[in-house]
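Dear colleague,

Please find below the structure I promised to pass on to you. My notes on what was found in it follow.

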Amino acid sequence: MGLRKTPAALVAFGTAAALAIAGCSSSSSSSAGGSSTSSSAPAQLTVWRMGGSVASQVTWMNNVVTQFHKDFPAYANTKVNVVWVPWTSRTTDWNNALASGKNAPDITELGNTDTPTEASLGVLTNVSSYVNSWSNKAGLVSGMLANDTQNGDVYAVPWFGGVRGVWYRTDQFAKAGITSPPTTWAQLVTDAQKLQQTSPGTYGIDAITDDTNAFASFLWGSGGQIATQSNGTWTANLTSPADEAAIRYYVSLYRTYHLSPSKYIGQTELGNTGSTSGGANTDFGLGKLDLYIDGPWASATMPTNSVDKANWASFPIPSENGPNTAPVFAGGSDLAIFKTSKYPQADWDLISVMDNTANSTSFANLQGFFPPYTSELTNGPYKQQEFMSGFATAAANSQISPLNAKNWATADTGKYFIIPDMLKSLMNGAPFDSTVAQANSQLQTVLNSGAES
């Protein structure tokens, strides 16, 4: 799902919502479906949920099952068996279940960065007919549903997601004479400079190098792309004029405008790789950083002695020239029907309850994320909350490709750290053209082959 890249992180939001809590292995699950009480009402449906068996999520799921039985009386006697699968073993468990035909789920949660790959491998059922006749389809955030669609066919539906925005303090804005959040890159620099001037000893903004999911918004906000795919082949775009403008701007936050400290070079938002604190998050919490780029889930990583919390607020990452916000990476989880399930109609009926507007919203709220419905993001309760409103606005304009590419993890958080290393080199003074060209070539090769050569 791709939210953050540290062990404390929920790796890819789909991986982000991961909660990184170990649960029961799928090996304890029973076979999919069980015996059917009729042609349309199975005796049992098995749902694989990712992460740990957290009490609040168990309660939520129990309530959904009760509603499912009420809304669909034909399934009143259908038992819903929930199996909690660790995020770290999900791919192995899916593959084993598909290959063996044993202990498979009927419905599975999966990270939205997982969906395209698993669909291409034949793990998921084509649910186009169900989705196209679903009354809630029109209200889904288009970018989220697009991620679940391949060649016009739909293989999953978005369930919840999370996005990054810019954290700030309203009282600091007032003190600096800033009356509204910036909507362009130039305004972002000007405002960060004002904040530094009126709050001596602080850093204006965190231009960290090791969070490609956040940096992607600057590439997209200039009208660029990290990479594009055509006929199964990826083309890296880092050397395009739009991408180069974004890269130069981001590096200038440190090298030209001195708004970001040198200690953030080589760091994630949580500090050095593997850290859970001590980075930009800690600096913002303690009032040493004026503008901080992260998602609302970062509240859990803030120091216990954070200051001025009552004035925390957020705004979307600006685009280069405004007024529209920069697109953001929407990491989250999807719901899909497993390919081997014998009861796709019953599966879909349960998914339609799990993922209706009320239930997806209540579930997202349990974790500090957002439901996949535009109405909730633009007119819902989030808009009334000063801290959440900026994230909600950002969530309505999301992208994911190529962060859902089969080899993206290899290129960015696995064997290679292509974009983070590029940014780190540039901030340390490496020549721009050759450094970007080398990263572009490496990225294209890894996205297509999984290795440099």
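How much space lies in the second largest cavity? The answer is about 40 Å³. The residues that line this second largest cavity are D206, I208, D211, A214, Y250 and I293; by class they divide into 4 nonpolar and 2 charged residues, with no polar ones.

Before the remaining findings, a word on confidence. Please note that this is a predicted model. The protein chain has a mean pLDDT of 90, and 91% of its residues reach 70 or more. Residues 2–38 are a stretch over which pLDDT stays under 50, although the model has 144 contacts beyond four places in sequence for them. Where pLDDT is low, the predicted coordinates should not be read in detail.

Cavities and pocket

The structure holds 2 cavities of 30 Å³ or more. The volume of the largest cavity is about 90 Å³. Its lining consists of 16 residues, and those nearest the centre are N112, M144, N147, A330 and I400. Helix 6, strand 6, strand 14 and strand 15 each give two or more residues to this lining, and strand 14 provides the largest share, with 4 residues. In terms of class, the lining of the largest cavity comprises 5 nonpolar, 9 polar and 2 charged residues.

The largest pocket holds about 680 Å³ of space. It is lined by 23 residues, and P116, Q150, Q229, W234 and N404 are the closest to its centre. At least two lining residues come from each of helix 4 (115–120), helix 6 (142–147), strand 4 (149–150), strand 15 (398–399) and helix 18 (432–449). The lining of the largest pocket has 15 polar residues, 7 nonpolar ones and 1 charged one.

Sheet and packing helices

The model contains an open sheet of 5 strands in the order 2-1-3-14-6, and the pairing is mixed. Strand 2 (79–85) and strand 6 (157–162) form the edges, each pairing on one side only. From one strand to the next, the twist averages 20°. Strand 6 and strand 14 (residues 331–337) run antiparallel and are joined by 5 bridges; within this pairing, G161 has G332 of strand 14 as its bridge partner.

Helix 12 (residues 344–354) packs on this sheet and touches strand 1, strand 2, strand 3, strand 6 and strand 14. The direction of helix 12 makes about 150° with that of strand 14. Helix 3 (residues 90–100) lies across strand 1 (44–50), strand 2 and strand 3 (107–111), and runs at about 155° to strand 1.

Backbone details

Most residues other than glycine have a negative phi, and most peptide bonds are trans.

- G322 and P323 are joined by a cis peptide bond with omega of about -10°; P323 is placed in the loop between strand 12 (312–315) and strand 13 (328–329).
- The peptide bond from S401 to P402 is also cis, with omega near 5°, and P402 lies in the loop between strand 15 and helix 16 (408–412).
- N103, a residue other than glycine, has a positive phi, near 55°. N103 belongs to the loop between helix 3 and strand 3.

With kind regards

Technical notes. Residues numbered from 1 in each chain as written. Predicted model: local features only at pLDDT ≥ 70, side-chain atom pairs only at ≥ 80, totals over all residues. Heavy atoms only, no water. pLDDT = per-residue confidence, 0-100. Contact = heavy atoms within 4.5 Å. Pairing = 2+ DSSP bridges. Axes fitted to C-alpha atoms, helices over the stretch in contact; angles between N-to-C directions. 1 Å grid on protein atoms, 1.4 Å probe; cavity = no way out; pocket = protein on both sides within 12 Å on 5 of 7 lines; lining within 4 Å. Points joined across faces, edges and corners; volume = space filled by probe spheres on them. Nonpolar A, V, L, I, M, F, W, Y, C, P; charged D, E, K, R; others polar.
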